[in-house]
Amino acid sequence: MPANALEKKENDADYLNPEQQEAVVTLDKALLVLSGAGTGKTKVLTAKIAYIIDHGYAYPSQILAVTFSNRAAGEMKERLRRLTDRSDAVWLGTFHSICARILRQHADLVGMSRDFTIIDADDQQRIVRQILKEANADPKAAPGFFSKISRWKDKGITVADMHDSSPEARIYKIYQERIRSYDSADFGDLLLYAIEVFKKSPEVLRQYREKFKYILVDEYQDTNMSQYIWLRMLCPTGQGICCVGDDDQAIYSWRGAEVGNILRFEKDFQNTKIIRLERNYRSKGHILGAASSLIAHNRQRLGKTVWTEDDQGEKVTVKRAFNGFDEAMFAAEKIEFLRRRYGVKYGETAILVRAGYQTREFEERLTAFGLPYRVVGGLKFYDRQEIKDIVAYMRLICQPNDGLAFERIINVPRRGIGAAAVAKFHAVAEEKNISLYRAAEEVFSTGELRPSLQTALGEFINLTESVRAKKNLRPAEIAKIILTETGYQEALYREQTMEAQARIENLRELLIALEEFETLGEFIEHVGLVADSARHSTEEVVSLMTLHSAKGLEFEAVFLAGWEDGVFPHNLSLRDDNLEEERRLAYVGITRARKYAFISYAENRRIYNQWQSNPPSRFLSELSSDHVDFAEREYAEEDVLRFGSVR
Ligand code: ATP
Ligand code: MG
């Protein structure tokens, strides 16, 4: 057997300990690997896939592997390629991407076209706002409705399941009709429709059940109900299933995840086996000790031992900072110090925060120090306005029914087609049950618009059709045509502002990104799915991200910032009595570190333009002092003496 992990020796990168080996070779049971952070769960999953392939237990295309994020899927693919050269056909991705793939095959069963568009949270919010406006309700209530609808979808509750006539239920119904009419699906729909496909066609379901001989799921503790239902449909007996997870790392209940799914495993499936891995290979002793002492304060947990044979390493340092500036300064200086003294690369360093807004202070300090960084999952490239505009053009070219794309760019750049005209298109679209784009064509053909509008609309339609005729060109070529023919690029050049300049640079970057794609459809699918994945993941830069998005990752050095009551644990969790989930989040954070972990809190903090003084996080007092250094040593002083100024 080539690349067989089971034959490796202790020091090989691919070596597996006996329990891990058992998890890899156990194929005849529904297997749950339940164990703490850094014990090799993800490693086992990858090794298992390679094992199945190399031993001929299944073809690669008969293996389904579900991971939590696009980034995790990417990393797993890379690791798999190292283990076996036959991994390309494995169905490996997030729940969403796998469901989208299945749905494209059987879209007709749920009354969609194959080319349906996947809409993101931004579009969703916009639609809800629009619906509220039409109902003369306050559009500011949109976020509330939006999350209600999302939670229903997470729970697998469709419009058909709604039996009350509450305003939320009504909005849900209208919302669903609206996005259906745009031939689109949101993220929650991908699962619901995939479930519907299986329900509508037992034959299709049977095919997939037969196809996927082995199903592997990472981070099982954070699956939501609809993902769970979908999995159970695919694999009702549990034959060939392998889930890995850690109840102590369940951090997505606010997004509908149900830790009960992992706790119920033995009841759900027949012939189950649970394997616990106890040896942690990631973190030094003190880091693991600090994390374990913290999580021990949770009551609702299965409880498990995790140990390491590694040495203790350095204690976790707790740093008291005067304010946010000081805190960011500490991190920046320390990052530079670790690099110079211990050779810790920027790419091996992460700053983890509780909420997105906290990154700004760090960004400023890192920039001032000239340290390269990226905000992972924050300022997403594909969320930027100019990128969304051009992508909307591409969507409309690919998919004339895409009403959202049409609305986004009908007057971008400005061509004098205002809200009144769009309202007219809406009316015709509804009356004739056609897409907005077709409605615009109809309106144009009647010649009823005033001349300037008529001309503008004519030009828009001509432009769209002429690009559509070229839709088989490479996506980068199509984008260039759009940028010039629409006058979008020129309008930006004319603006001559710094902002416009930044947009132009972003568009250049888009063209670079597009080079990787052969077809427009392929690119659009990609954009729909990468919302949460980081670009340039291999670059040597410091990662700035939220604790939530750091799940599953590991770094040499980790900075955990903002440990103040109200910031972390988060205000809302204090109110909602959700402290245990916050504590799990802290556990996830600390266990991301291999060698160095720093926790900081600021005595004064500016939040939304107000200075506050919050008490230090209650989690700090829960950390065992055996593993934590609470000393208020000023690293900067010592470092400056030793290495010269790092500023
Ligand atoms: P998390 O709960 O954080 O997702 P995990 O249980 O998935 O963690 P992995 O990411 O698979 O853990 O492994 C953690 C680290 O330990 C990785 O760097 C991995 O390569 C290493 N590792 C795992 N098992 C072994 C082993 N048997 N020998 C050497 N290193 C190992
Ligand atoms: Mg993992």
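Analyst: Contact here means heavy atoms within 4.5 Å, and helices (H or I, at least four residues) and strands (E, at least two) are DSSP runs numbered from the N terminus. Axes are lines fitted to C-alpha atoms, for helices over the stretch in contact, and angles run from 0 to 180 degrees between N-to-C directions. The model is predicted, so local features need pLDDT of at least 70 and side-chain atom pairs count only at pLDDT 80 or more, while totals for chains, interfaces and linings use all residues. Residues are numbered from 1 along each chain as its sequence is written, chains are lettered from A and ligands numbered from 1 in the order in which they are written, and side-chain values use heavy atoms, without hydrogens and water.

The part to look at is a sheet. It is open, has 6 strands in the order E3-E2-E6-E7-E1-E8, and its pairing is parallel; two strands pair if DSSP finds at least two bridges between them. Strand E3 (91-94) and strand E8 (272-275) are the edge strands, each with a single partner, so one side of each has no neighbour in the sheet. On average, neighbouring strands of this sheet are turned by 15° against each other, direction ignored.

Within the sheet, strand E6 (residues 214-217) runs parallel to strand E7 (residues 241-245), and 3 bridges join them. Val217 has Cys243 of E7 as its bridge partner. Helix H1 (residues 18-25) lies across strand E1 (30-34) and E8, at about 155° to E8.

On the H5 side, Ala121, Gln124, Gln125, Val128, Arg129 and Leu132 meet Ala142, Pro143, Phe145, Phe146 and Ser150 of H6. By class, this contact has 7 nonpolar, 3 polar and 1 charged residues, where Ala, Val, Leu, Ile, Met, Phe, Trp, Tyr, Cys and Pro are nonpolar, Asp, Glu, Lys and Arg charged, and the others, Gly among them, polar.

The loop between H5 and H6 holds Asn136. Asn136 has phi near 55°, a positive value in a residue other than glycine. Most residues other than glycine have a negative phi.
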